[in-house]
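Trainee: I am new to this structure and would like to learn how to read it. Could we take the features one at a time?

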Amino acid sequence: MTNPASRKLSRRKLIVGGLAATAGVAGLGVAARIAQKYGLVPPDHGGIYGLGETLTYASQRLLTRHSLAREFPKSQISQPPFANEVEPPSDQFKRFQAGHFADWRLDVDGMVARPTSFSLDQLKSYPSQSQITMLQCEEGWSYIAEWIGVPLSHVLDVVGALPQARYVFYFSIEPDTWETIDMADALHPQTLLTYGMNGDELPVGHGGPLRLRVPRQVGYKNVKFINHLTVSDNLKGFGKGLGSASADAGYAWYAGI
Amino acid sequence: MARMESAQVPLPTSAPSSAASVPAATARPRHSALVRITHWITTLSFLALLVSGFEIVISHPRFYWGETGNVRTPALFQIPIPASRHLVQTGYGYVLPDQNGWSRYLHFQAAWIAVLTGLLYVISLLFTGHLRKDLLPNRSDLSWRSFSTTLASHLRFAKPSEEEAWSYNLLQRLSYLFVIFVLFPSVIWTGLAMSPAFVSAFPATVNLLGGQQSARTLHFFVSLALLLFLLVHVGMIFLAGFSSRMRAMISGQPLTHKERT
C-alpha cells in the first residue's frame with residue numbers, strides 16, 4: 001500500500017467502480033420506469049418473491065401478449081367433464097337458481113363511460129363465441145371443455161371502458177371470491193364471460209350461470225358465479241389491495257406462469 | 001491411501017501430468033470463482049425447487065399421461081402419500097395444510113435464479129475453456145477399458161486418488177455433462193410446457209411431449225433424476241473427503257493452509 005502507483009490504481013478503481021455502480025442504479029431506475037410504462041410490472045413486484053414474479057410477468061407480456069391459448073378438437077373434450085367442489089351455495093344464490101337465473105344481473109361499473117347492469121339474455125344477445133380449451137388447476141389436474149360466451153372485450157366496448165383503465169375486477173356472488181386481470185388479458189379474444197358449456201347451459205358446478213374464462217391462466221383466475229365487474233386504474237379499495245382474494249390468501253396475482 | 005489397482009492398470013488420469021503435479025502452494029484455485037459462485041447459487045435454488053416442488057405435488061399426488069387428467073380419469077400412478085387437498089383419495093384420514101401459495105411463488109422465483117445462473121455458467125463454459133479442460137472426457141479416457149476401470153472403482157466405493165482432487169474423473173465428467181446438458185434443459189422444458197400462457201405462444205413445447213399432463217409427469221421424473229444425482233453427488237463428496245472437497249468448492253483450495261506449506 002506504500003507504493004503510490006498501487007494507491008493511484010485503487011483510487012482509479014474506486015472511481016470507476018463508483019461510476020459503474022451509479023450507472024447501474026440509474027440504469028435500473030430507467031429500466032423500472034420503462035417497464036412500468038409498458039405494463040411489465042405485476043402488482044406483487046415487491047417483497048421476497050417480487051423478483052421472480054416480475055421476471056415471469058414481464059416475460060409473458062413481452063412474449064405472449066397476443067398469443068392464443070391452445071384449442072382442441074371436439075374429440076378431446078373430457079368425458080365426463082370434471083367439476084371441482086364448490087362451497088354450498090348461499091341463500092341468495094339459491095333464490096336465483098330457483099328462478100332459473102332469470103333475474104341474474106351482471107353490474108359493470110368503475111372507469112366506464114356507461115355503467116350498465118346486464119341481464120343474462122342481454123349478454124346472450126351479443127355475438128357469441130365458443131372455444132374448446134383446457135382448464136388446469138394449480139393443484140395439477142385438468143380437463144378440456146367447450147366454453148360458450150361473450151368476449152369480455154365486447155362487454156367492455158359496450159360500457160365504454162376508459163383509456164386509462166388498467167385492470168378489470170370480477171366478483172363472484174359468493175363472498176371472498178374475486179380476482180383482477182390486466183387489460184392485456186381483459187381484451188384478449190379468448191377471455192369469455194361464459195354462459196354455456198359443451199353445447200348446453202353452463203352447469204352450476206362449473207360456475208353457471210356466468211363464469212369468467214381466462215384460458216391462459218390457471219383455474220383460480222377463472223371465477224365462478226360472476227355478477228359484478230369493476231374497471232379501474234389501480235387495485236386499491238378491495239380486500240388487502242393486492243388485486244384478488246387468492247393474492248390475499250398468499251397466492252400469486254398473475255397465474256399464467 | 002494408494003489404491004491397489006493403481007499399480008496394475010493405468011489410472012484414468014483425466015488431466016494427466018499437470019493435475020497430479022499441481023504444486024501445493026499454487027495460487028490457482030481448484031475451481032474458478034465463477035464455478036464456485038454459480039455452484040452454490042444453483043445448490044440453494046435447487047433445494048428451494050425441491051421443497052416447493054414437493055409441496056405442490058402433494059396438493060395432487062396423482063399423475064397422468066396425455067393432455068388432461070383429474071380424479072375422474074384413470075391415473076398413471078399415484079404416490080402413496082397424504083395430500084394437502086380433499087380431492088384426491090389418499091387412504092389417509094387427514095388432509096395436510098395447503099402450502100401452495102408460497103410454494104408456487106418460491107418455485108418460480110428459484111427457477112428463474114437457477115435458469116439465469118445456469119445460463120451464466122454455460123456461457124462461461126464457452127469462454128473459459130472449462131468445458132474442454134474439465135468436463136469433456138480426455139481422448140485417452142474414451143475407451144471401454146478406462147470407463148470400466150473408473151466404474152469398477154466407484155462400485156467398490158474406493159476412495160479417489162490424490163489427483164482426482166484436482167481433476168474430474170471420467171464418470172464425474174459424464175455425469176456432470178448429463179446433468180448440465182440433459183437433465184437441467186429437460187426439467188426447464190417440461191416445466192415451461194405446463195404453463196398455459198407460455199404454451200399459448202410456443203405450443204410445440206407441450207405438443208412434442210404428448211400433452212400437458214405428460215409434461216407434468218415427465219417434470220416429476222426428471223426432478224427425481226436430479227434428486228438422485230444430488231444424493232450420489234453428496235455421497236461421493238463424503239467418500240472423497242468432505243472437508244477437502246468442500247474447501248475446494250468454497251475457497252478454491254482443497255488443502256488447508258498448513259497442508260499447503
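Mentor: Keep in mind that this is a predicted model. We can begin with two helices of chain B: helix 3 of chain B and helix 4 of chain B are roughly antiparallel to each other.

Trainee: At roughly what angle do the axes of helix 3 and helix 4 of chain B cross?

Mentor: Angles over 145 degrees count as roughly antiparallel. The axes of helix 3 (residues 33–57) and helix 4 (residues 100–128) of chain B cross at roughly 155° and come within 8 Å. The contact between helix 3 and helix 4 of chain B has 13 nonpolar, 11 polar and 2 charged residues. As for handedness, helix 3 of chain B passes helix 4 of chain B in a left-handed crossing.

Trainee: What is the strand order of the open sheet in chain A?

Mentor: The order is 2-1-10-5-6, with 5 strands and mixed pairing. Strand 2 (116–119) and strand 6 (178–182) of chain A are the edge strands, each pairing on one side only. Neighbouring strands of this sheet are turned by 20° against each other on average, direction ignored.

Trainee: In which sense do strand 5 and strand 6 of chain A pair?

Mentor: Strand 5 (residues 167–172) of chain A pairs with strand 6 of chain A in the antiparallel sense, over 5 bridges. In one of the pairs, A:Phe169 has A:Thr180 of strand 6 as its bridge partner.

Trainee: How many residues of chain B are in contact with chain A?

Mentor: The contact involves 29 residues of chain B and 35 residues of chain A. Helix 4 of chain B supplies the largest share of the chain B side, 9 residues. By class, that side has 12 nonpolar, 12 polar and 5 charged residues.

Key. Residues numbered from 1 in each chain as written. Chains lettered and ligands numbered in written order. Predicted model: local features only at pLDDT ≥ 70, side-chain atom pairs only at ≥ 80, totals over all residues. Axes fitted to C-alpha atoms, helices over the stretch in contact; angles between N-to-C directions. Helix = DSSP H or I, 4+ residues; strand = E, 2+ residues; numbered from the N terminus. Parallel < 35°, antiparallel > 145°, perpendicular 65-115°, else oblique. Left-handed = near helix turned anticlockwise from the far one by under 90°. Nonpolar A, V, L, I, M, F, W, Y, C, P; charged D, E, K, R; others polar. Pairing = 2+ DSSP bridges. Contact = placed C-beta atoms within 7 Å.
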